Every structure is written in structure tokens, then in C-alpha cells.
Amino acid sequence: MSGAAIARLVDIISASWMCQAAYAAAELGIPDLLDGASRSVDDLARTTRCDRASLFRLLRALAALDICIENADGSFAVTEMGRLLATRSECSLRSWALWAGNYQWQVWGRLLASVQSGRTARQLAGGDRGFVHLEADATAAAVFHETMAQLTRLVSLQVARDYDFAPAQHVVDVGGGHGELLANILSAHEHLHGTLYDRPHALKGAEAQFRRSKVAQRCTLLAGDFFQAVPPAADIYILKSILHDWDDHASV
Ligand SMILES: C[S@@+](CC[C@H](N)C(=O)[O-])C[C@H]1O[C@@H](n2cnc3c(N)ncnc32)[C@H](O)[C@@H]1O
């Protein structure tokens with residue numbers, strides 16, 4: 001058996017500590033606190049109201065992950081990668097860390113039971129199937145939709161630039177979340193009208209996104225259920241990161 005195979009499997013099996021270390025750093029705001037200046041453990045422990053010794057261990061774990069570095073004088077600084085966990089970072093993935101380390105954590109823990117029972121892990125965790133649970137939890141909905149916007153931001157400018165939208169007049173983004181992709185498409189193509197179609201919990205944050213992008217006049221926000229219907233007669237229907245959420249029967 002090769003050492004590489006053993007090392008890879010050990011990494012896979014113990015991935016939980018990496019996810020939780022990144023989550024704890026993001027939740028405590030450590031990358032934000034270190035953005036621009038190194039700080040001592042005492043200083044960080046005071047500011048974050050954490051136990052000093054435990055925070056020190058977390059910081060050293062973060063150093064092992066290249067999220068921060070330990071300076072010769074014992075202070076810590078954030079790395080370029082670690083800065084991606086800061087709120088203000090241009091390509092921030094902070095919400096993704098919060099979503100994965102907190103909200104998703106409880107769901108993944110039910111994977112085995114889900115496979116055995118055929119019920120979704122979310123149902124087994126006491127929720128509804130799909131995304132209905134976000135309707136009753138505004139905080140979780142905000143973190144989830146910001147997570148999706150952060151991931152979509154990594155590709156939305158490219159999609160808006162590279163796809164030929166010239167022949168189209170009306171684009172519907174089905175399950176478009178906070179509108180990150182549609183707002184970029186409308187910004188890049190002034191002749192287009194867009195419809196953002198999603199559940200009510202998504203549309204709450206979408207208005208702000210379209211206003212910020214100065215395309216609110218050309219976009220309609222429509223709440224609905226894509227299993228019941230989608231807005232008719234558009235030229236382009238986008239389903240980005242939608243089908244993977246559902247089984248074949250629901251998707252087709
Ligand atoms: C994984 S997210 C993708 C969001 C967005 N397309 C993106 O890539 O950033 C799935 C989206 O589908 C929406 N959604 C889930 N079930 C839906 C339904 N039955 N009808 C309409 N939208 C739904 C969710 O609210 C969420 O915004």
C-alpha cells in the first residue's frame with residue numbers, strides 16, 4: 001500500500017478538524033482581526049472573549065492549515081488564503097465556512113442514517129425536505145444565500161461575459177437565490193430583462209443586490225415553487241446549482 005494512499009485516506013477521515021477550525025476562525029472573526037496587522041494571543045483572546053490557552057491551540061491549528069502564520073515573537077498574522085475568511089475580502093468565503101461548519105454540520109452527521117432509511121438527512125435532523133426550513137429561520141437563510149452568492153461570484157462575471165446573450169430579450173434565473181448571477185448578466189447586457197424566481201426567503205435579500213448593481217428597473221422578483229411552475233415564455237432559463245439538489249424523478 002502506498003504512503004500517498006494512506007495519507008490521502010487519513011486526510012479524508014480526519015477532514016472534520018479542518019472544517020471546524022476554519023469555521024471557528026470565521027465565527028470568531030479572527031481573519032478580520034488579523035487583516036492588516038499581527039496580533040498577540042493575549043490581545044486576540046481578550047477581543048474574542050476566548051480562553052487564552054484554547055485559542056492558542058486553535059491559532060496553531062490554523063497555522064498548520066496555512067490560514068495564518070505564527071511569527072517569531074509569538075504573534076499571529078493572516079495569510080493570503082486566510083484573508084478569504086474575512087468579511088471584507090473581495091472573494092470572501094466566510095459565509096461558506098459558517099454554513100459548512102455550523103448549519104451543514106448537523107445534516108452531514110445523518111448521512112449514514114439517510115442512506116439506510118431513504119429519508120433525507122435534513123428530514124432526519126428534524127427539518128423539512130429541501131429548502132423549506134429556511135422559510136422559518138431568517139438567520140440561516142441569510143447565511144445560506146450569502147454562501148451561494150460567494151460561490152457564484154467566482155464564476156458569474158465569466159458567464160455574463162462569455163455566453164452569447166445578444167439574441168435573447170428575457171432571462172429567467174430559476175432558483176436564482178440572491179440574484180448574484182442574474183445581476184451580473186443584466187449589468188453586462190443592457191438590452192436584457194430578467195426574472196429572478198425563487199422561494200420568498202431568497203427574494204428578501206435579492207432586492208438589495210439588484211439595487212446595488214443598478215439593474216432593479218430591468219428585473220422582476222417572483223416567488224414560487226419550481227416544482228409547480230416556472231414563469232412562461234422567456235428566451236433563456238438558467239438553473240445554476242439546482243439539479244444536483246434533487247433526485248432524477250424530481251429533476252425531470
Ligand atoms: C443551491 S441554491 C442555488 C442558488 C443559485 N442558483 C446559485 O447558484 O447561486 C438552490 C436555490 O434553489 C432555490 N429553491 C429550492 N427549492 C425551490 C423551489 N421549490 N422553488 C423555487 N426555488 C427553489 C433555493 O431557495 C436556492 O436559492
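**View 1. D43 and R39 meet through their side chains in a salt bridge, with 2.9 Å from N to O.** The term stands here for a side-chain nitrogen of Lys or Arg within 4 Å of a carboxyl oxygen of Asp or Glu. D43 counts as partly exposed because its relative accessibility is 21% (buried is under 20% relative accessible area, exposed over 50%, partly exposed in between, with a 1.4 Å probe and protein chains only). The model is predicted, so local features need pLDDT of at least 70 and side-chain atom pairs count only at pLDDT 80 or more, while totals for chains, interfaces and linings use all residues. Residues are numbered from 1 along each chain as its sequence is written, and side-chain values use heavy atoms, leaving out hydrogens and water.

**View 2. R60 and E70 join their side chains in a salt bridge of 3.2 Å, N to O.** This pair links distant parts of the chain, 10 residues apart: R60 sits in helix α5 (residues 52–64) and E70 in strand β1 (residues 68–70). Helices (H or I, at least four residues) and strands (E, at least two) are DSSP runs, numbered from the N terminus. R60 is partly exposed at 46% relative accessible area, and E70 is partly exposed at 33%.

**View 3. D35 pairs with R83 in a salt bridge whose closest N and O atoms are 2.9 Å apart.** Here, too, distant parts of the chain are linked: D35 lies in the loop between α3 (30–34) and α4 (41–48), and R83, 48 residues apart, in the loop between β2 (76–78) and α6 (94–108). D35 is partly exposed at 28%, as is R83 at 32%.

**View 4. E146, R153 and E180 are linked in a network of salt bridges.** For the whole picture, the count comes to eight salt bridges.
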